[in-house]
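The following report describes how the chains of a multi-chain assembly meet. The sequence and structure come first, and the interfaces are then taken in turn.

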Protein chains: 4
Amino acid sequence: QKANQLQTQKDTDSQKLQETETRNQELEAQVVELEQRLESSQIEQENFRKSLRSLLELLDGKIFELTELRDSLAKLIEGS
Amino acid sequence: QKANQLQTQKDTDSQKLQETETRNQELEAQVVELEQRLESSQIEQENFRKSLRSLLELLDGKIFELTELRDSLAKLIEGS
Amino acid sequence: QKANQLQTQKDTDSQKLQETETRNQELEAQVVELEQRLESSQIEQENFRKSLRSLLELLDGKIFELTELRDSLAKLIEGS
Amino acid sequence: QKANQLQTQKDTDSQKLQETETRNQELEAQVVELEQRLESSQIEQENFRKSLRSLLELLDGKIFELTELRDSLAKLIEGS
């Protein structure tokens with residue numbers, strides 16, 4: 001009778017363990033997926049910033065060229 | 001003897017279940033943390049884009065004003 | 001006879017003098033007109049330059065504002 | 001006596017004619033000089049305008065390039 005009772009408990013525990021292990025695998029897969037999404041989001045953001053830095057350099061160039069143009073206009077007005 | 005053997009197995013299973021449940025809790029905490037990081041990264045990125053959109057509007061204004069200035073210069077050159 | 005000759009010469013001289021004086025008045029009017037055109041041309045040119053100086057100041061303002069916008073973009077890229 | 005009087009008048013007229021002719025030559029030289037100044041002022045002004053037109057074309061180019069940069073920024077903000 002004791003053995004029977006123990007067997008029943010053992011079956012219940014075994015089932016609970018299996019469920020918990022299944023949940024474990026699901027959670028591990030979720031962690032991997034979230035880490036990948038986070039990493040790809042960071043790569044994306046870094047590429048975004050790189051593109052913005054390129055635009056910033058272009059903007060610097062345009063401001064420099066506008067300043068040269070401004071100086072030419074100033075010389076033209078005063079010099080001739 | 002059978003009962004003894006079952007008791008031993010039960011103890012082993014019970015320990016394994018406890019370990020798996022502990023690991024489960026750790027993984028659940030990790031998922032929550034990763035989801036929070038992902039969400040705050042998305043909020044940050046959206047705020048970044050909002051700030052960039054404000055700058056874009058400012059740039060539009062400057063280009064418009066430069067075009068007005070250009071038109072004034074054109075009229076001045078041809079008109080007088 | 002001498003008096004007659006002198007009278008003729010005097011008439012010729014008088015006519016020539018009159019012609020020369022008429023030409024003189026024409027030339028003086030021409031000088032006045034040219035001086036006025038030159039003066040109004042100089043005034044016009046000075047007004048032209050004043051308008052150009054105003055445009056130059058506006059251009060300075062736009063370049064300054066573009067530089068501020070550029071700095072905001074730089075801070076946004078690096079800071080967040 | 002009449003002849004004498006006429007001779008005197010003739011001398012006066014002759015001197016006046018000479019003075020007027022001298023004044024004439026001065027005025028003609030002044031007209032030539034003023035016309036040259038006016039012409040060179042007009043050439044100068046036309047060259048000034050030509051230089052301004054070149055600057056206007058440069059400004060058009062800069063505005064066009066800023067607009068391209070603005071479009072790149074807009075695509076970057078919305079597209080990625």
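A salt bridge here is a side-chain nitrogen of Lys or Arg within 4 Å of a carboxyl oxygen of Asp or Glu. By that rule, four salt bridges are counted between chain A and chain B, and in one of the pairs that meet it, Glu28(B) and Arg23(A), the closest N and O atoms are 3.1 Å apart. This is a predicted model, in which local features need pLDDT of at least 70 and side-chain atom pairs count only at pLDDT 80 or more, whereas totals for chains, interfaces and linings use all residues. Residues are numbered from 1 along each chain as its sequence is written, chains are lettered from A and ligands numbered from 1 in the order in which they are written, and side-chain values use heavy atoms, with hydrogens and water left out.

The table sets out the two interfaces, with contact meaning heavy atoms within 4.5 Å and buried area being the accessible area (1.4 Å probe) that two parts lose on being put together, summed over both.

| Interface | Residues in contact | Buried area | Carbon and sulfur share |
|---|---|---|---|
| chain A and chain B | 28 of chain A, 28 of chain B | about 2,900 Å² | 69% |
| chain C and chain A | 17 of chain C, 17 of chain A | about 1,600 Å² | 67% |

Of the area that chain A buries against chain B, 18% is supplied by Leu6(A), Lys10(A) and Leu38(A), which is more than any other three residues give.

Polar contacts are pairs of N or O atoms within 3.5 Å; within protein, one atom must be able to donate a hydrogen and the other to accept it, and residues adjacent in sequence count only if both atoms are side-chain atoms.

Between chain C and chain A the count is four salt bridges, and Arg53(C) forms a salt bridge with Glu78(A) whose closest N and O atoms lie 2.8 Å apart. The polar-contact rule finds six residue pairs across this interface, both residues being at pLDDT 80 or more.

The same surface serves both copies, since 100% of the contact residues of chain C recur in chain A.
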